[in-house]
Protein chains: 2
Amino acid sequence: MANDKKLVEAITSMDVDFAQWYTDICKKADLIDYSSVKGCMIIRPYGYAIWENIQKILDTRFKELGHENIYMPMFIPESLLQKEKDHVAGFAPEVAWVTHGGSERLTERMCVRPTSETLFCEHYANIIHSYRDLPKLYNQWCSVVRWEKTTRPFLRSREFLWQEGHTMHATAEEARAETVQMLNVYADFHEQDLAIPVIKGAKTPSDKFAGAEDTYAIEALMHDGKALQAGTSHYFGDGFAKAFDITYTDKENKIVHPFQTSWGVTTRMIGGIIMTHGDDNGLVLPPAVAPIQVVIIPVAAHKPGVIEAAQGLADRLKSDFRVKLDDSDNSPGWKYAEYEMKGVPVRIEIGPHDIEANQCVIVTRHDREKTVVSLDNLEAAVAEKLQAVRDGLYAKALANREKRTYNCETMDEIIEKLAENGDGFVRAMWCGDPECEDKVKEVTGVGSRCIPLGEEAIGDKCVCCGKPAKQLVYWGKAY
Amino acid sequence: MANDKKLVEAITSMDVDFAQWYTDICKKADLIDYSSVKGCMIIRPYGYAIWENIQKILDTRFKELGHENIYMPMFIPESLLQKEKDHVAGFAPEVAWVTHGGSERLTERMCVRPTSETLFCEHYANIIHSYRDLPKLYNQWCSVVRWEKTTRPFLRSREFLWQEGHTMHATAEEARAETVQMLNVYADFHEQDLAIPVIKGAKTPSDKFAGAEDTYAIEALMHDGKALQAGTSHYFGDGFAKAFDITYTDKENKIVHPFQTSWGVTTRMIGGIIMTHGDDNGLVLPPAVAPIQVVIIPVAAHKPGVIEAAQGLADRLKSDFRVKLDDSDNSPGWKYAEYEMKGVPVRIEIGPHDIEANQCVIVTRHDREKTVVSLDNLEAAVAEKLQAVRDGLYAKALANREKRTYNCETMDEIIEKLAENGDGFVRAMWCGDPECEDKVKEVTGVGSRCIPLGEEAIGDKCVCCGKPAKQLVYWGKAY
């Protein structure tokens, strides 16, 4: 019990200091470590295993939809980055520049890729010649670098891991459909697998990706009421294709430009998991991506047959679930605290009394509910409990978002509701003028997050200027 | 047939110009493309799929042996790289330096990792405190950069993909055992999965990894008689641990240094596959890593029922094998040449006559042998043929190595045998003096490749100076 207490005391309470609570979890759950490389993080085995599970699920979905993986160089020559003018303006201020190879100065400096549109376009110009070469549905898993001033583990770091999909299509319609399809893949993955409800929407023009015609995003609300952009999908039209001179001969034998998309999600999602589901006992992981789904803890392990019985449960469960038996010398109480900190969704306790009664105790992480389960139905009970954790996490996150979503008609109402109820999503109408967008942020503190897809207008006047409104917008403070 | 011929004519014959043949295959089999990033390559989907298959097999083996994946920053601050003196001397001349972030000059420049010993050591110093923290068995899949002057796809490029295992152990014995275990994992993978026979051995002192006490390697002989170092495993003793001040409290409560290893294989293995198994019709892939193991080609596809029958075979086989049905408009002859170029191990042809006779034709890539197979036994026949391809490739590669391995007692004999029989492995005794090692290379053209493990001496005098020999050495010209 002493150990138990010590472990729990080591985390700051989320209500006292959410930012410190977040950092504590990153460290105490063994997700990351710092190094002498400023602004970058070491992703430790437990954190990396979450990423591997995310990769497996998404990679399978991408491939089912016909995408192929590829690997592009990590460097971009300066002249190549400059080919599309909006793109270079957006990224040049935040790239890392390589100027020397060994002891020699390079004739042209190169940046470490912040994103790879330019490299893909150069390659597409080489390999796309005929309508038979389309579509090209490529994806890359890699790390990218953006020279951020302020960094936080997973949420904003100078290097991060991601996937970047880059596709080329014969028609604008097909490219637009791909953009929306991949947004939906991201949304489904978040809702089903990560148990994180998201708003799907378009970014306002001021918030689009550098060089894109349209940028779509999924936006999630964290426990503290701040918004997290959790994935983006861009439609480029033929802008890059023109800048990079990518053409093909269509069925009518005309030479035309193809239409392009890109889409990405990053290790930032791990930050989203922490801030959506975590609590004062530590991390809480959605079962689909948890490195350990079930931890088995023998109670009174020194008594005859207990370790063997625990091992028997592990053997039974390991073909269906990611299982760990902790038969170390530490006390059960220490272990409970340890695996709660690590967010393991389901814990099984088994001791002499349980063995005698042909049962075990299952504890679900998110609500600490204990259930006595007959060993005859163990596999089914564990599957059911894992589903209960996913559903419970989703319901809790959705309730938090609903509680913290405010329909507002005036700026005063925004200020009032945020002051009364805390940070959250503000739903308010907008005229489309970037000046109003800026003013809302300046006066109320919330910026535009997205123009939601498929939601009805809640009024007809701009929340800022009172002129006719064009769109409903979600506003919020963002990570 | 016109198409067929054109495709085959496009490759240089390996006997005419082996280097050009190699480059032709890299391009024509759609493995790579070049970009404006000099010395780096684009790994195209077909090439990358080979790498993904390699990763899956090795990653599973590493994890079965208790290793965990981790992700370290891609940058190394100059002061960190300099902490181990041999290491920095070995790598500093060939790293890419980042000097600016955005528009600001960095206070300390950083290199893009050429290898990550220094980063792992800094982390180990943070997380290893007690004997209970050992061993640490970590691995990383990533890309690394070494600023090579002369580059060739897969074999030597400025950026390449690899895995780097880094482990820490309580005792020297345990670390040495890990070094040898991982060398054996690499050797087994090459022999069983890649069908490439290898010599396991130790590097001579002049050829060790920068900072290692011992370096082991597997050496393969390519079709042209040149050697390829295909994987390395290093034992560091406690040298880095001392340089990085990594200590732990042992069971006797003494503060001591742990012992370290590292080991790696790279995308270079794909070059090894090409140069071991390829022929004048293109690539030949070992089934374990082939993106497509079985290609199904309908013959007289316009006749009723042919496409459906071919689709039926694909459906039957797809749960057990990686299968592709090519029902495109191209002629069967064009398709045969195309999938021979791509090295698909097994081709199935099915036409109206076959359908009537309840059979299909299976053609194995490496020997172009045709077998008529009853559809009743299709799954078993395909499995058997894939095994036959693996065994046939291994036997052919082994025969090439045996034919090209020369036991030599004098320098003249080395020169003679190489001149008579072409490049290959020279087995000759060595006194251990680096001057003799250099002289052998200078006079005969072959450098020391490795001191083989577990092979008997073939004499007692140094091939160079005639003084008492210490070791048998494999010598060769290397990629």
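Visitor: Which residue of chain A comes closest to the rotation axis?

Guide: That residue is A:Val98, whose C-alpha lies at 2.1 Å from the axis. This is a predicted model, in which local features need pLDDT of at least 70 and side-chain atom pairs count only at pLDDT 80 or more, while totals for chains, interfaces and linings use all residues. Residues are numbered from 1 along each chain as its sequence is written, and chains are lettered from A and ligands numbered from 1 in the order in which they are written.

Visitor: What rotation superposes chain A on chain B?

Guide: Copies are superposed by least squares on the C-alpha atoms of residues with pLDDT of at least 70 in both. Here a rotation of 180° with 0.0 Å of shift along its axis brings chain A onto chain B, with an RMSD of 0.0 Å. The two copies are thus related as by a two-fold rotation axis.

Visitor: How do I read the crossing of H10(A) and H13(A), and at what angle do their axes cross?

Guide: Helices are DSSP runs (H or I, at least four residues), numbered from the N terminus, and axes are lines fitted to C-alpha atoms over the stretch in contact, with angles from 0 to 180 degrees between N-to-C directions. The axes of H10 (residues 306-317) and H13 (residues 378-403) of chain A come within 10 Å and cross at roughly 70°. H10(A) and H13(A) are therefore roughly perpendicular, a term for angles of 65 to 115 degrees.

Visitor: Which residues make this contact?

Guide: Residues are in contact if their C-beta atoms, placed from the backbone, lie within 7 Å. H10(A) contributes A:Leu313, A:Arg316 and A:Leu317, and H13(A) contributes A:Leu378, A:Glu379 and A:Val382.

How values were computed: Helices (H or I, at least four residues) and strands (E, at least two) are DSSP runs, numbered from the N terminus. Angles under 35 degrees count as roughly parallel, over 145 as roughly antiparallel, 65 to 115 as roughly perpendicular and the rest as oblique. Two residues are in contact if their C-beta atoms, placed from the backbone, lie within 7 Å.
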